[in-house]
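Hi there,

As promised, I am passing the structure on to you. Please have it open while you read the notes below.

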Amino acid sequence: SDNEEELVYTVRAQKGETEIFDGTKTKTYGYNGSFLGPVLRFEKGDTVKIRTINELDEETTFHWHGLEVSGEEDGGPHSVIEPGEEKLIEFEVTQEASTLWFHPHPDGKTSEQVYNGLAGLIYIEDDNSRNLGLPDEYGKNDIPLIFQDKTFDDEKQLNYSAAMNEDGTIGDTSLINGTLNPKLTVNKEKVRLRLLNGSNARNYTFKLNTGDSFVQVATDGGFLNEPVTLNEITLTPSERAEIVIDFSQLNTEDELALINEEDGSTLLPFEVSDQSGEDSSIPEEMNDFSITEEERNLPVTKEVELFGMMDQVTINGKKFDPDRIDFTQEQGVTEVWEIYNKPDDMGGMIHPFHIHGAQFKILSRNGEEPPENERGWKDTISVEPDETVKIAIQFKNKGVYMFHCHILEHEDNGMMGQVKVE
Ligand code: C2O
Ligand code: CU
Ligand code: CU
């Protein structure tokens, strides 16, 4: 709820029951409801207050993934809220329009709590986002889509311990916004999809079943400078992308669907009505993201080596220790971090690398320019085995922030470190 003077939100972590399969309920967690959470809408420049309330029987935290706030408000593993307790947080929204999200972050329990349903989206809007002319009618041509894979047992119950895998829980059932077998009805118009890979571990490669192209307009932390035309897009856990599909240009005699490239399975079928929609556009220029010469020439001052699988995962040879600060960085000073994914005897695996409290810029991947659709603000990056990614990062606020692999089981297995910004 909001009013002119003050924006106060209430976000409760709750337990509940959800009918995912018709006629059967399963125990789930949710924010302000039984499964997943509301979309929180902020405006650049807002001062936001959030009453965070823990109505679970276990400890939790409220982490705002991608939001540039102080370490105090960030909701990492140090900000535990005990069952029955609440905490009021307050921050100013200083960053540009983007699609972020929120989820719990208690040490060792993040994966299970997210899996059980604790996740919601955050939309930040600003003057630019409102004036671009992109589709922006919520639920009509501007659609939030949270993709998560789950495993259900024979009784159709969501059962984390049964599904759990040390390398990340890969489910056999994809839910979109918590819904099994969803369908999206759209008009013959441009439709913007805000995609979040909210899975614990699965990478999703999205494409249209017809092979038609679409355009990507935004990355994790803001708009791209120009729309990028793609035939498919891969998101590792916690990455977001906003894409626009132009249904007025597609052959709607075909059955259209968003599919999972990995196995060709249908994720989201579209039903296209005969109605033509509003006349939105995709402008050629959307943002002024840039990487300066100075940033390109900065020396590497932080090295991060991702290594291992299962419960053997480490960062720089170490496991998370809540009492150890791994790095320090000065507030407002840009540094270059070099992230390397060191292969093991088995070859290794992709680790999605995330840093709290800041949006960063990818300078290079293995010494080369990143692909066009990564030339924008990011807070999570996919790092392939034997790949080196250089990023330029500046923290606007102070505090202790986590950096970690966003395969949530890797995070819980200790693939996480802390940077103290002072
Ligand atoms: Cu999605 Cu530590 O974060
Ligand atoms: Cu985060
Ligand atoms: Cu990992």
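A quick word on pLDDT first: pLDDT is the predictor's confidence in each residue, from 0 to 100. This is a predicted model, in which local features need pLDDT of at least 70, side-chain atom pairs count only at pLDDT 80 or more, and totals for chains, interfaces and linings use all residues. Residues are numbered from 1 along each chain as its sequence is written, while chains are lettered from A and ligands numbered from 1 in the order in which they are written.

Helices (H or I, at least four residues) and strands (E, at least two) are DSSP runs, numbered from the N terminus. The average for the protein chain is 96, and 99% of the residues score at least 70.

Now the layout. The domain assignment (automatic or from a database) gives domain 1 (7-127), domain 2 (142-276) and domain 3 (293-421). The C-alpha centres of domain 1 and domain 2 are 22 Å apart. Counting residues as in contact if their C-beta atoms, placed from the backbone, lie within 7 Å, 26 residues of domain 1 touch 22 residues of domain 2. On the domain 1 side, strand 1 (7-21), strand 2 (24-31), strand 7 (98-103) and helix 1 (110-115) each supply at least two residues.

Finally, L195: beyond its neighbours within four places in sequence, L195 is in contact with L145, F147, F206, L235, R240, A241 and I243.

Best wishes

Definitions and conventions. Two residues are in contact if their C-beta atoms, placed from the backbone, lie within 7 Å.
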